Amino acid sequence: MYSELRSQVLKLLSVHTRLDGRKPHEYRKPMKVEYGVVKTAEGSAKVTIGETEVIAGVKLEIMSPYPDTPDEGSIMVGVELLPLSSPEFEPGPPSIRAVELARVVDRGIRESKAIDFKSLCLEKGEKAWMIVIDICTFNDAGNLFDASALAALAAIKNTKFPELVDGKIVYKEKTDQGIDVQEEPISVTVLKIGDHFIIDPDNEEELVAEARLTVALMSNGQLCALQKGGDSALTLDDISKMIDLAAEGSKTLRGLL
Amino acid sequence: MVEVKVKDKDIVVPGEILADGMGYVPGVGTYREGEAIVSERVGVVSIDGRAIKLIPLSGRYLPKRGDTILCQVVDVTMNGWRLETNSAYQAMLSLKEATSEFIARGADLRKFYDLGDYLVCKVSNVTSQMLVDVMMKGPGLRKLNGGRVISVNCNKVPRIIGKHGSMVSLIKEASGCQIIVGQNGLVWMQGNPEGELLAVRTIRMIETESHITGLTNRIKDFLEKTTGKTLEIRMEQ
């Protein structure tokens with residue numbers, strides 16, 4: 001399937017170019033992050049990479065802490081692949097793609113210790129803040145992974161806690177206090193097509209890629225999460241090349257925050 | 001009383017009354033309501049004698065018999081292929097009409113046209129229920145190997161082709177690409193990477209600027225400036 005497209009993409013990559021004329025290690029333009037796009041959310045952000053558009057919103061809820069971590073709050077990430085964003089997406093319960101996307105975003109934030117869960121605790125064993133991050137895709141022109149992770153992080157940075165009156169949340173009143181963001185993990189997805197590695201794939205490249213690796217990197221360049229996808233296997237050498245490429249790509253994305 | 005409410009080349013929206021009275025007849029893109037002629041879509045008015053018609057500016061492709069279109073294989077069935085036509089309706093390519101090669105009984109049809117392949121075909125029949133049949137026997141009808149396909153507004157296809165193919169041959173000459181424009185708004189091109197990109201850029205430019213007069217000359221200037229070649233507007237037969 002797509003053998004014609006694949007050979008075309010490979011032919012272009014062999015001369016270091018792509019279908020839209022980009023270099024293999026180049027992001028699409030325009031790239032931007034807009035903050036506070038959703039008024040009803042505690043924090044929100046919209047990320048545009050080329051024609052891909054993703055909005056993330058943060059809601060804060062009070063939960064009872066999990067029994068094994070009585071003094072910690074938590075985060076929850078949900079992804080909605082809206083049917084308007086691609087002919088491939090159907091309404092209904094989350095598809096496997098949506099679940100994977102949500103998990104990758106969640107893991108990037110969780111494993112980088114971006115948020116100090118202990119600081120979210122209000123009353124040990126009784127009450128803690130739950131950060132609910134909802135991601136909606138508005139257009140899927142490829143690379144939803146990087147866009148979603150970036151949008152989630154930007155939305156967290158944009159978040160302001162609501163007022164608490166007698167232990168009840170008053171959503172209409174926001175305080176000046178934001179979430180203490182200790183680390184800014186950036187996810188970069190690298191695709192393997194033939195012997196070539198590319199970042200920021202478009203739809204066509206996602207169709208013909210044999211493997212993908214999403215790498216989450218902290219600000220000091222330390223690795224905090226990995227997710228491999230696609231049908232074919234990766235060698236150790238492949239993985240180290242992909243991580244190097246991701247590190248390079250993460251600089252571009254970090255500059256947007 | 002007969003009265004035309006619009007001028008030639010006016011841009012109208014659906015529901016707009018173009019003329020009142022039985023003195024005029026509704027053409028393509030318009031209909032009669034009572035005694036009035038009403039616009040059916042967004043387009044430019046063209047008054048041709050007593051007929052009022054619309055040249056559409058937007059809208060999806062509607063399959064029409066005799067059109068040469070570009071299709072993508074989306075399903076391989078027992079007796080043919082199901083094709084995506086860039087319209088609301090899918091087309092069927094029957095085994096009999098598919099190729100002049102011999103197809104043995106029980107052969108794997110994916111050997112001929114596989115999922116995802118692009119084909120140039122001709123619409124052979126469209127039923128009242130919008131079941132579309134296409135065929136691939138005829139000059140220029142073939143499977144497309146390599147190259148890339150882009151989707152454009154199908155109402156701009158005449159502009160991309162130009163008068164007697166003048167525009168498309170201009171792009172072909174400047175970019176060094178082979179180009180096939182389907183009536184359904186899919187355009188295939190193949191050449192070297194820079195040529196293909198130039199062709200895509202030019203076609204996008206035509207798509208956005210086609211309503212401004214002097215299009216061919218503007219495109220010629222643009223292509224001459226970017227390639228440095230001297231081009232000539234030529235009509236194909």
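Colleague: How do you know whether the radius of gyration of chain A agrees with that of a compact globule?

Modeller: Please note that this is a predicted model. A compact globule with 257 residues would have a radius of gyration near 18 Å, and chain A has 19 Å, so the value agrees. Along the principal axes, the C-alpha atoms of chain A fill a box of roughly 65 × 35 × 30 Å.

Colleague: What share of the residues in chain A is called buried?

Modeller: The share is 40% of the 257 residues; a residue counts as buried if 20 or more other C-beta atoms lie within 10 Å of its own.

Colleague: Which helices and strands does chain A have, by number?

Modeller: Chain A has 5 helices and 12 strands. Helix α2 (residues 96-111) and helix α3 (residues 144-158) of chain A pack with their axes 10 Å apart, at an angle of about 50 degrees.

Colleague: Why is α2(A) called oblique to α3(A)?

Modeller: Angles under 35 degrees count as roughly parallel and those from 65 to 115 as roughly perpendicular. The angle here is about 50 degrees, and therefore α2(A) is oblique to α3(A). Their crossing is right-handed.

Colleague: What makes up the contact of α2(A) with α3(A), by residue class?

Modeller: The contact includes A:Leu101 and A:Val104 of α2(A), and A:Phe145 and A:Ser148 of α3(A). Its residues divide into 9 nonpolar, 2 polar and no charged.

Colleague: How many residues of chain B are in contact with chain A?

Modeller: There are 10, in contact with 12 residues of chain A. On the side of chain B that touches chain A, the residues divide into 3 nonpolar, 4 polar and 3 charged.

Technical notes. Residues are numbered from 1 along each chain as its sequence is written. Chains are lettered from A and ligands numbered from 1 in the order in which they are written. This is a predicted model: local features need pLDDT of at least 70, side-chain atom pairs count only at pLDDT 80 or more; totals for chains, interfaces and linings use all residues. Two residues are in contact if their C-beta atoms, placed from the backbone, lie within 7 Å. Ala, Val, Leu, Ile, Met, Phe, Trp, Tyr, Cys and Pro count as nonpolar, Asp, Glu, Lys and Arg as charged, and the others, Gly among them, as polar. Helices (H or I, at least four residues) and strands (E, at least two) are DSSP runs, numbered from the N terminus. The radius of gyration is taken over C-alpha atoms; the globule rule is 2.2 Å times the number of residues to the power 0.38. A residue is buried if 20 or more other C-beta atoms lie within 10 Å of its own, exposed if 12 or fewer, and partly exposed in between; C-beta atoms are placed from the backbone. Axes are lines fitted to C-alpha atoms, for helices over the stretch in contact, and angles run from 0 to 180 degrees between N-to-C directions. Angles under 35 degrees count as roughly parallel, over 145 as roughly antiparallel, 65 to 115 as roughly perpendicular and the rest as oblique. A crossing is left-handed if the near helix is turned anticlockwise from the far one by less than a right angle, and right-handed if clockwise.
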